[in-house]
Amino acid sequence: PLPGINYSVFLVTGLVMMTILQNAFANTSSSFTQSKITGNLVFLMLSPMTPIQWFLGYLGGAIIRGIACGLTLWTFCGFIVEVNIQYLGWIFVFGFLSCVIMGGLGLIAGIYAEKWDQVAGFQNFLINPLTLLAGVFFSTNNLPSFWQALSKFNPFFYLIDGFRHGVFGISDVSPWLSFWISITAAIVISFLCLRIIGAGWRLKT
């Protein structure tokens, strides 16, 4: 863990972020895939809703579910481990950006998928490994230099590290670096979602 930080507290923050990330992804991916499989997506396509309204509707659900699940886990962990928050603003910022990024990725996965196995493959072979290797259970500073450098190419690392800075006041990298990388990723993914929805890719098949 980070210097001077109890591992139990360090672990709780990682688990909270992992919960936020996975639930935000699961909300949009499962909702959209369910709509495609059951055939009720056609009613959404016949509505006068614009692509941005589609996107904001699904993303809103991902944000609410991700934050709610993270807060629930943190509340129960609070009965076991005392966590003193240093910067509440950073916690909110990285929690929110995590939901935007993962909600967007979940929406892309849901649009692409034709069956549940494809969504599961996306989560098992991309989302889960990137999340677990981003420092959920350990500080990347404890890794050999090669793996430390490699972890910097993982966008999830900056979400988790920035979130931990909000809790502990210390982190592996500057929170401002984490912020700019995370917000850039959120903008790119959001733009990609809007383009895909607007083009109707894999929506009319």
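Student: Which residues is methionine 102 in contact with, leaving aside its neighbours within four places in sequence?

Tutor: Contact here means heavy atoms within 4.5 Å. By that reading, methionine 102 is in contact with Leu21, Ala24, Phe25 and Thr28, and also with Ile127 and Phe156. This is a predicted model, where local features need pLDDT of at least 70, side-chain atom pairs count only at pLDDT 80 or more, and totals for chains, interfaces and linings use all residues. Residues are numbered from 1 along each chain as its sequence is written, and side-chain values use heavy atoms, leaving out hydrogens and water.

Student: How many residues does the largest nonpolar core have, and which have the most contacts inside it?

Tutor: In soluble globular proteins, nonpolar side chains tend to be buried together. A nonpolar core is a set of buried (under 20% relative accessible area, 1.4 Å probe, protein chains only) Ala, Val, Leu, Ile, Met, Phe, Trp, Tyr and Cys residues joined through side-chain atoms within 4.5 Å. Here the largest one has 57 residues, and Met102 is among those with the most contacts inside it, along with Phe32, Ile101, Leu105, Leu107, Leu159 and Phe163.

Student: Which helices each supply at least two residues of this core?

Tutor: Helices are DSSP runs of H or I, at least four residues, numbered from the N terminus. Those supplying at least two residues each are α1 (7-38), α2 (41-46), α3 (51-77), α4 (88-112), α7 and α8 (175-199). From α4 comes the largest share, 13 residues.

Student: Is serine 35 buried or exposed?

Tutor: Serine 35, in helix α1, has a relative accessible area of 12%, so it is buried. Not counting residues up to four places away in sequence, serine 35 touches Asn40, Leu41 and Tyr58.

Note on methods
Buried means under 20% relative accessible area, exposed over 50%, partly exposed in between (1.4 Å probe, protein chains only).
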